[in-house]
Amino acid sequence: MRPRLLVLYYTQTGQLRQILDSIISGIADKADIDYAAIEPVKPFPFPWTPLQFFDVMPETVEHLPEPVKPLPTDILNKDYDLIIFGYQPWFLNPSQPITAFLQSDYAQVFKDKPVVTVIGSRNMWLHAQEMVKGYLQSVNAHLVGNIVLTDTNPNLVSLLTVIRWSFKGQKQASGMLPAAGVQDKDIYEAYRFGNTIYKHFLGNNLTDLQRELLAQGAVRLKPGLVILEQRGIKNFRFWAKFIRKKGGPGDPNRAKRVLLFKNLLLVMVFILSPLSSFTARIMQLIKRRTLLKDVDYFKQLGYEKGRI
Ligand SMILES: Cc1cc2nc3c(=O)[nH]c(=O)nc-3n(C[C@H](O)[C@H](O)[C@H](O)COP(=O)(O)O)c2cc1C
């Protein structure tokens, strides 16, 4: 039986589409595959100015996204066996187009369907995935797998390269800095996951899919990330409220607060980050057991609301 697959995704720079193409490459001739890109009604800018970039934070964090275009009716009317759902985190939440899609009626495409999420991120994706799990549960989708590709360079290096990429549009290596984003080798090697999904689908054994994906390295997660995200999301929630008091997206009245947020975030990240990773290390030693449990939870597919 040829499985009918829907690959549903949003990508701004094309990175996520590359990841999905690689996953699908090994099974493209064995399945009927439709691709559907989620598109914002008004595309987000790329490269961004710093003000544009940080101005999307409040509505991303508060899940008040810009609208997306309708999904084609032939996609909505087709009965898929499995949906591969590719998305990226923005400010520790699903990107705005993804949230807009999940909040829309088009999310019914997921109803009663097995779903494999594929995340292409810098390295902070835990809270975003919890939000996606919640939305998927609310439309009665069945999350059967999760594959996460991150930039595996040290945190500060990936921050510098993502800044160069976002604000100059330059992905390739320059000076002492490597290329931005997920490493090419990791993208290429993601083809192995497609074969695993296919095998489990044919064997009617999707409940066991995540175990094998994990054995293949589909999710690599350091305990320190849990602490960093817990801290980050609290700060972002505070700043989102504070900025929105001055107006909605793009309102010049809130620009001062947006830029203040940007400057403080950069100070936190570049100056205080070595200190905060030191305290995070100590926390890791003190809370080792809880953190190991957390790591286990975030690698799996279960959903406990408010876990992070
Ligand atoms: C506005 C914005 C915020 C981002 N926030 C995060 C984040 O919180 N965590 C993370 O790991 N990556 C973050 N990224 C990187 C994206 O998740 C993603 O890897 C990158 O934008 C490329 O994705 P694309 O396929 O849409 O081009 C952010 C990117 C943008 C544009």
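## Pairing strands

Two strands count as paired if DSSP finds at least two bridges between them. Keep that rule in mind as you look at this predicted model: strand 3 (residues 82-87) and strand 6 (residues 114-120) are joined by 5 bridges and run parallel.

## The whole chain

Let's step back for a moment. The protein chain contains 13 helices and 7 strands, and its C-alpha trace spans about 55 × 45 × 40 Å along the principal axes. For 308 residues, a compact globule would have a radius of gyration near 19 Å, and the 19 Å of this chain agrees with that.

Of the 308 residues, 38% count as buried. Now take the contacts between residues at least 6 apart in sequence: 81% of them join residues at least 24 apart.

Which order do the strands of the open sheet follow? The 5 strands are arranged as 2-1-3-6-7, with parallel pairing. Strand 2 (32-37) and strand 7 (142-149) are at the edges with a single partner strand each, so one side of each has no neighbour in the sheet. On average, neighbouring strands are turned by 20 degrees against each other, ignoring direction.

## Helices against the sheet

Helix 1 (residues 15-25) packs on the sheet and touches strand 1 (4-9), strand 2, strand 3, strand 6 and strand 7. The direction of helix 1 makes about 130 degrees with that of strand 6. Helix 6 (residues 126-138) also packs on the sheet, touching strand 3, strand 6 and strand 7, and its direction makes about 160 degrees with that of strand 6.

Just after helix 6 comes Asn 140, with a positive phi of about 60 degrees.

In soluble globular proteins, nonpolar side chains tend to be buried together. Here, the largest nonpolar core has 73 residues, and Ile 19, Leu 20, Ile 83, Val 115, Val 116 and Val 118 have the most contacts inside it. Helix 11 (residues 223-244) gives the most to this core, with 7 residues.

Finally, back to Val 116. Leaving aside neighbours within four places in sequence, Val 116 is in contact with Leu 82, Ile 84, Phe 85, Val 144, Gly 145, Ile 147 and Ile 197.

How values were computed
Residues numbered from 1 in each chain as written. Predicted model: local features only at pLDDT ≥ 70, side-chain atom pairs only at ≥ 80, totals over all residues. Helix = DSSP H or I, 4+ residues; strand = E, 2+ residues; numbered from the N terminus. Rg over C-alpha atoms; globule rule 2.2 N^0.38 Å. Buried ≥ 20, exposed ≤ 12 C-beta atoms within 10 Å, placed from the backbone. Contact = placed C-beta atoms within 7 Å. Core = buried A, V, L, I, M, F, W, Y, C linked by C-beta atoms within 7 Å. Axes fitted to C-alpha atoms, helices over the stretch in contact; angles between N-to-C directions.
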